[in-house]
Amino acid sequence: MSAAAQDLLRLLAGIGLLLAAATLLARLLRRRAARAGGSATVENLNARIDAWWGMVIVLGLAFLAGRTGVVVLFALVSFAALREFVTLCTRSRADHWALAAAFFVVLPAQYVLVWQDWYGLYTIFIPVYAFLLLPVIAVLEGDTKSFLVRIAETQWALMICVYALSHVPALLSLRITGFEGRNVLLIAWLVVVVQLSDVLQYTWGKLFGRTPVAPSLSPSKTWEGLVGGVLSATLAGTLLFWITPFGAAQAAGMALVVTLAGFCGGLVMSAIKRDKGVKDWGHLIAGHGGFIDRLDSVVFAAPLFFHLTRFFFSTV
Amino acid sequence: MTRLAARVAGRIITGFAWLITAVRAVWQGSAPLPDQRIYFANHRSNGDFILIWSVLPTVLRQRTRPVAAADYWLAGPVRRFIGRDVFRAVLIERNAEDRRTDPLRTMLEALERGDSLILFPEGTRNMTESPLLRFRSGLYNLALANPDVDLVPVWIDNLNGVLPKGRLVPVPLLCTVTFGASLRLADGEDRRAFLDRAADALLSLGAAA
């Protein structure tokens, strides 16, 4: 077994232990709550942890399947996320072919480019070519009502759900001296730190949260939760520096950047949900809501992490 | 052999519908129980009954048959197989001039056999801006002849955006199918009053969805 696979299994075992402990705690809480007539928060906590098992298992299997597995997994996740986003977008019948092209041409093309490692094209394909082409398809149908809103929201959907998210599997293409064959650990580290930050912000917020960061947006995002969550997740990211190409201090800096970006992602995506009048993006991940509810932080952190790592550590 | 093929085809069709719409059933006011029922729904897309059919639990699905147009579903071997064998549709002849069977008679026979029905009381696909077209009399006549069968309003949300008329490629969107509280014909209730009440029950589900 390669050293990378060993580190990966070690990390997965650690996450498994953490989840096992969380599951045990949540089941105990459920038993206690049952005596008091049950609690929606505790039920939600149990559902969330159960869904975490599913997500970790799927991601773990994709890692073991290698580059193709990871690219295919993120393409599918992009599809599910895009479906959630477009459902809330301003649309008209005239957008039919533009939207069909977004799902069945742009999305697969982006992931094929990532899989082929064509950096020069996948970094501009959606921001330039989809950006210019999709409005042309829409305009040919002739409906100009809310035209700018429609094409802008479609572009936003693609940028968030496909372009930004595809920077996670794109990490596999970085070439870092002394880190050959271990790139999958970059993805593992990013996902673990950002998701842990979400969980810890939620936990710190539930325990000590008092002062909302953006009261008009979300009462559950508090300064106490933000500071506690970001600092503890940064600490976790620092302690995991041994799976990355970074030194401990560098890992700390990276962790701070990605957790803050992740928080901003949650804030922006909450604002969109509020604007569209929904509580969750979807319903497919029990206890969490939709795919975008779970991924909003990763989406904002991934391009930043990709470019920082590429600029400071990669040789390509 | 045909039955096995029909079951496989049924799975493929519902699987594809799920892939595109991630369709979710919302049971709001009635529960997924295996009682004999007439599900009546809004109709904007050819895929409407597929969506209802695919969110029903298997036990219910085996006894639930969509009411569909014979002229469409008997045209060609593929449609015939899907309409007759996969969905076991109750096929009615729409054209009053040259039909040999009475649509009401055909539907009543299916109910007598104990099957549940999926019915679109608007009679045709709604292509207008209005959320619901005026109901035809079919629902009333069925209710009059079957006072013990529950009529369940079913609101289908978003499918018309997935596959508008005349488009071959679907756009994936999340869809919901909302089942409301059942209703029955009241004693001595007038035809139009009953149809309006049924339409209002359906519209109120749509407003909440």
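Where is the place of Pro127(A)? I found Pro127(A) in helix H5 of chain A; helices (H or I, at least four residues) and strands (E, at least two) are DSSP runs, numbered from the N terminus.

**Conventions.** I note that this is a predicted model, in which local features need pLDDT of at least 70, side-chain atom pairs count only at pLDDT 80 or more, and totals for chains, interfaces and linings use all residues. Residues are numbered from 1 along each chain as its sequence is written, while chains are lettered from A and ligands numbered from 1 in the order in which they are written.

**Entry on Pro127(A).** I looked up its surroundings. Pro127(A) counts as partly exposed because it has 13 C-beta neighbours inside 10 Å. The scale calls a residue buried if 20 or more other C-beta atoms lie within 10 Å of its own, exposed if 12 or fewer, and partly exposed in between, with C-beta atoms placed from the backbone. I also checked Ile285(A): from Pro127(A) it is 158 residues away in sequence and 29 Å away in space, C-alpha to C-alpha.

**Entry on H5(A) and H6(A).** I next followed helix H5 (residues 125-139) of chain A to helix H6 (residues 147-164) of chain A; their axes come within 10 Å and cross at roughly 145°. Axes are lines fitted to C-alpha atoms, for helices over the stretch in contact, and angles run from 0 to 180 degrees between N-to-C directions. The H5(A) side of this contact includes Pro127(A), Phe131(A) and Leu134(A), and the H6(A) side includes Arg150(A), Leu158(A) and Tyr163(A). Residues are in contact if their C-beta atoms, placed from the backbone, lie within 7 Å. By class, I recorded 12 nonpolar, two polar and one charged. Here Ala, Val, Leu, Ile, Met, Phe, Trp, Tyr, Cys and Pro count as nonpolar, Asp, Glu, Lys and Arg as charged, and the others, Gly among them, as polar.

**Entry on the two chains.** I then turned to the contact of chain A with chain B, which takes 14 residues from chain A and 11 residues from chain B. On the side of chain A, helix H2 (40-88) and helix H3 (96-116) are the elements that give two or more residues. H3(A) supplies the largest share, five residues. That side of chain A has six nonpolar, four polar and four charged residues.

**Entry on the sheet of chain B.** I traced an open sheet of seven strands with mixed pairing, in the order S1-S7-S6-S2-S5-S3-S4. Two strands pair if DSSP finds at least two bridges between them. The edge strands, each pairing on one side only, are S1 (24-27) and S4 (90-92) of chain B. The twist averages 25° from one strand to the next.

What joins strand S6 (residues 150-157) of chain B to strand S7 (residues 176-179) of chain B? I found four bridges between these strands, which run antiparallel. Ile156(B) has Val177(B) as its bridge partner in S7(B), and Asp157(B) has Thr176(B). Strand S2 (residues 37-41) of chain B runs parallel to S6(B), joined by five bridges; Tyr39(B) has Val152(B) as its bridge partner in S6(B). Seven of the eight residues of S6(B) are buried, so this strand is largely enclosed by the rest of the structure.

Key
Two residues are in contact if their C-beta atoms, placed from the backbone, lie within 7 Å.
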